[in-house]
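Hi there,

Here is the model I promised to pass on.

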Amino acid sequence: MSEVHLVNHPMVQHKLSIMRQKETGSKDFRQLLKEISLLMGYEITRDLPLAEIEIETPISPMKACRVLGRKLAIVPILRAGLGMVDGLLDLVPVAKVGHIGLYRDETTHEPVVYYCKLPEDIQDRLVIVTDPMLATGGSSCDALDMLKERGCKNIKLMCLVAAPEGIARVQSAHPDVDIFVAAIDERLNENAYIVPGLGDAGDRIFGTK
Ligand code: PRP
Ligand code: URA
C-alpha cells in the first residue's frame, strides 16, 4: 500500500487557507500555488539520490554531495497541474517536464485524454505527477496508467487538496505510488467537487470563470 504524506507545515497551511477563500483572485492564487509547490517539493525530493563528487574548497579538497536532479521529471496534468511546475523547477531547475492533458467529462466525471508529450527517457526518471485536485481520482489514475505504459517505475503524485475517495482510488489502482497532499478534505459533492475544497482549480489559476 502506498503512503500518504500530509505536508502540514504551518506555512503550507497558511498559504492554502488564503487560496481556499473565494475572494482570492487569480494572481494571488497562482503565486501561492507556486510557493506551496516549492515547499512541498522539499518533502517530495527528500529521498532524491545523491552522487558523491570531489570538490575543492578554498581550504582543502573534500568529498561532497550533488543531487542527481537530471534524473527527475515533472509531469503536470493539464491544465491545473501546470500551476505546480514552476515551484518545483525553482527547486530542481534541471528536471525535465512532460505534459498530460486530461479533462473531466461534465456528466460522467470521468477523465478524457487530449494530449500527452513526455521526455524520451521518462522511464529512467523519478516522475513527479502534479495536480492540485485529487477528487474522484480518475484523472490521476489515468495519468499514472499512461506513465506506466511508457515504462515508468518510480512515480510520486503531488496534489494540494484531496478527497478521501480520490486517495482510496489511487491507492487501490496504484499501490506503488506515494501521494503527497497539503490537505485531506471531507468528501465529494454531487458534482464530484471537493468539499470544502477551493473550487475549480483550473478556472481559479487561469481566470477562466
Ligand atoms: C480538475 C483537476 C484534476 C481533476 C480532478 O481538472 O485539475 O485534473 O479535475 O478530478 P478527478 O480526481 O475527479 O479526476 P479539470 O478536468 O477540471 O480540467 P482543468 O484542469 O483543465 O480545469
Ligand atoms: N476539480 C477541481 O478543480 N476541483 C474540485 O473540487 C474537483 C475537481
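A definition to begin with: in the residue classes used below, Ala, Val, Leu, Ile, Met, Phe, Trp, Tyr, Cys and Pro count as nonpolar, Asp, Glu, Lys and Arg as charged, and the others, Gly among them, as polar. By that scheme the lining of the largest pocket divides into 13 nonpolar, 9 polar and 8 charged residues.

Please keep in mind that this is a predicted model, in which local features need pLDDT of at least 70 and side-chain atom pairs count only at pLDDT 80 or more, while totals for chains, interfaces and linings use all residues. Residues are numbered from 1 along each chain as its sequence is written, chains are lettered from A and ligands numbered from 1 in the order in which they are written, and side-chain values use heavy atoms, with hydrogens and water left out.

**The largest pocket**

A pocket here is found on a 1 Å grid over the protein atoms alone: it is an open set of points where a 1.4 Å probe fits, with protein on both sides within 12 Å along at least five of seven lines, and its lining residues have an atom within 4 Å of a point. The largest pocket holds about 740 Å³ of space (grid points are joined across faces, edges and corners, and the volume is the space filled by probe spheres set on the points). It is lined by 30 residues, and those closest to its centre are Tyr-103, Arg-104, Tyr-193, Asp-200 and Gly-202. At least two lining residues come from each of strand 4 (72–78), strand 6, strand 9, helix 4 and helix 6 (201–206). Helices (H or I, at least four residues) and strands (E, at least two) are DSSP runs, numbered from the N terminus.

**Ligand 1**

Where is ligand 1? Ligand 1 sits in the largest pocket, in the sense that more than half of its atoms lie within 2 Å of the grid points. Strand 6 (99–104), strand 9 (133–134) and helix 4 (138–149) are the elements that give two or more residues to its shell. The ligand is surrounded by 15 residues, of which Arg-104, Asp-131, Thr-136, Gly-137 and Ser-139 are the closest; a residue counts as near if one of its heavy atoms lies within 4 Å. By class, this shell has 6 nonpolar, 5 polar and 4 charged residues.

Some polar contacts (pairs of N or O atoms within 3.5 Å; within protein, one must be able to donate a hydrogen and the other to accept it, and residues adjacent in sequence count only if both atoms are side-chain atoms) are worth a look. Oxygen atoms of ligand 1 take part in each of these:

- an N or O atom in the side chain of Arg-104, at 2.7 Å
- a backbone N or O atom of Ala-80, at 3.1 Å
- an N or O atom in the side chain of Thr-136, at 2.5 Å

Taken alone, ligand 1 exposes 500 Å², and the protein buries 91% of that (accessible areas come from the Shrake-Rupley method with a 1.4 Å probe; for residues, only the protein chains shown count as cover).

**Ligand 2**

Ligand 2 also takes up space in the largest pocket. Its surroundings are Arg-104, Met-133, Ala-135, Ala-192, Tyr-193, Ile-194, Gly-199, Asp-200 and Ala-201, which divide into 6 nonpolar, 1 polar and 2 charged residues. A polar backbone atom of Ile-194 is 2.8 Å from an oxygen atom of ligand 2, and a backbone N or O atom of Ala-201 lies 2.8 Å from an oxygen atom of the ligand. A nitrogen atom of ligand 2 is 2.8 Å from a backbone N or O atom of Gly-199. On its own ligand 2 exposes 230 Å², of which the protein buries 90%.

**The second largest pocket**

The second largest pocket has a volume of about 150 Å³. Its lining includes Lys-27, Arg-30, Asp-86 and Phe-206. Helix 2 (26–44) and helix 6 give two or more residues to that lining, and helix 2 has the largest share, with 4 residues.

**Backbone details**

The Leu-78 to Arg-79 peptide bond is cis, with omega near -5 degrees, and Arg-79 is in the loop between strand 4 and helix 3 (85–91).

Best wishes
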